[in-house]
Amino acid sequence: MRPVRPASVVIAAAAVLTAATGCTEKSGAQDGDHVINVTATDDRCEVSRKEFPAGHVELAVENKGSKVTEVYVLFPDDRVVTERENIGPGTRQRVTAEVKAGDYQIACKPGMKGEGIRQAVRATGGKTVERDPRLDKAVAAYRAYVQQQADETLPLAETFARAVQDGDVAAAKKAYAPSRIGWERTEPVAESFGDIDPKVDVREDGLEDGQDPATDWTGWHRLEKALWQDGKIGDREKELAGLLVKDLKDWQKRVGTAEITPTSMANGAKELLDEVATGKVTGEEERYSHTDLVDFKANVEGAQQSYHLLKPVARENDAALVTELDRQFAALDKLLDRYRPDTASYEFTSYDKVGKADRKELSDAVNALAEPLSKLAAAVVK
């Protein structure tokens, strides 16, 4: 997982931010009050407006650069309001978010690393978003789900950590993948805090420039490498196992404070499919343990949970979209079931045993679901 690093300094004044980052306001745009055009290049992040009414906001993103980018709306403390990853060169994406009155930053991240090129923006007015009461219930149910996943993850992580601290490589390998399921189901919420994900789920190639893997790399994947590639557990690994539990306890305590809205749930479901496309299908996420299909399934389940809770409202607003999402979720679930002998378990085929053609089939199924899923946020706010 790529880390979302906290900004070292949050700059409030737009003029200062422009000078510091090269992020400029695009002039002359004639947009609706709630539409912000975001034009990303390799060294700029242009926005069509710096002030807009609070409520539902749509980012119309175009990547005119040569690098894959991602775009974030951030609170001043770097918590994530919404994000869209994997925006390829020459492509466009539309992202719907619910934004309260206040100061924010829009960040473009060429290459999907670093703090990004930032623009200070402000949502004005005190208007409260009028929601269908069913969406409030969906948010409450999803909040309970996220907390449950964190609560259930901790004892599994403690089992994994104890095996590492006992020096038991075999037991640690067995406990590794189960300890990650709850995290993978709710990853966008964990990432929204900004500082937890880089501690527990970063891969070595996701470290920021200047970080030393020997001292700065922590979390599950550092231990994964020790267990599967090195085949041994040293004092450093035992220390990191304890640190992993400590960081996950922090996540467990803070997850209940996450900012969750119907649109963040819908966008989070799309983010989980992006996680599958960029990390699991490629085999990059679990490159040593090859437990990618466990993560894959957990990501899909997390996306399904958001969709299930939002579905009654989405069906009324866009029945055709719901029909397509039902079909694509079912197709992907069926395909994943080929890779586990017991569909009641989380025992999946080791991903290094999955051939190129089969990986392509999985990738195609993920993409077929991700495209309509990107429209879910807009469907629940119509």
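Strand β5 (residues 69-74) and strand β6 are joined by 5 bridges and run antiparallel, two strands being taken as paired if DSSP finds at least two bridges between them. The model is a predicted one, in which local features need pLDDT of at least 70 and side-chain atom pairs count only at pLDDT 80 or more, whereas totals for chains, interfaces and linings use all residues. Residues are numbered from 1 along each chain as its sequence is written, and side-chain values use heavy atoms, with hydrogens and water left out. Helices (H or I, at least four residues) and strands (E, at least two) are DSSP runs, numbered from the N terminus.

Strand β6 (residues 80-87) is mostly covered, with 7 of its 8 residues buried; buried denotes under 20% relative accessible area, exposed over 50%, and partly exposed the range in between (1.4 Å probe, protein chains only). Both strands belong to an open sheet of 5 strands with mixed pairing, in the order β3-β9-β8-β5-β6. At its edges stand β3 (51-53) and β6, each of which pairs on one side only, and the twist averages 20° from one strand to the next, where axes are lines fitted to C-alpha atoms, for helices over the stretch in contact, and angles run from 0 to 180 degrees between N-to-C directions. Elsewhere in this sheet, β8 and strand β9 (residues 117-124) run antiparallel and are joined by 7 bridges, and Gln105 has Ala120 of β9 as its bridge partner.

A further open sheet, of 4 strands, has the order β2-β1-β4-β7 and mixed pairing. Its edges are formed by β2 (45-47) and β7 (92-99), each with a single partner strand, so one side of each is left without a neighbour in the sheet. Neighbouring strands of this sheet are turned against each other by 25° on average, direction ignored. Strand β1 (residues 35-40) pairs with β2 in the antiparallel sense over 3 bridges, and Glu46 in β2 is the bridge partner of Thr39. Helix α10 (residues 262-280) packs on the sheet, touching β4 (55-63) and β7, and its direction makes about 145° with that of β7; contact means heavy atoms within 4.5 Å.

The structure holds 1 disulfide, defined as a pair of cysteine sulfur atoms within 2.5 Å. It is formed by Cys45 and Cys108, whose sulfur atoms are 2.0 Å apart. Because Cys45 lies in strand β2 and Cys108 in strand β8 (residues 102-108), the pair ties together parts that are 63 residues apart in sequence. The torsion about the S-S bond of Cys45 and Cys108 is about 55°, so the disulfide is right-handed. Cys45 and Cys108 are buried.

Among the helices, α12 (residues 319-337) has buried residues that include Leu321, Leu325, Phe329 and Leu336. Seen down the axis of α12, the buried residues fall within an arc of 160°, so they line one face of the helix, the arc being that of the directions from the helix axis to the C-beta atoms. On the other side of α12, Ala320, Thr323, Arg327 and Lys334 are exposed. The buried residues of α12 are covered by elements including α10, α11 (292-317), α13 (356-373) and α14 (376-380).
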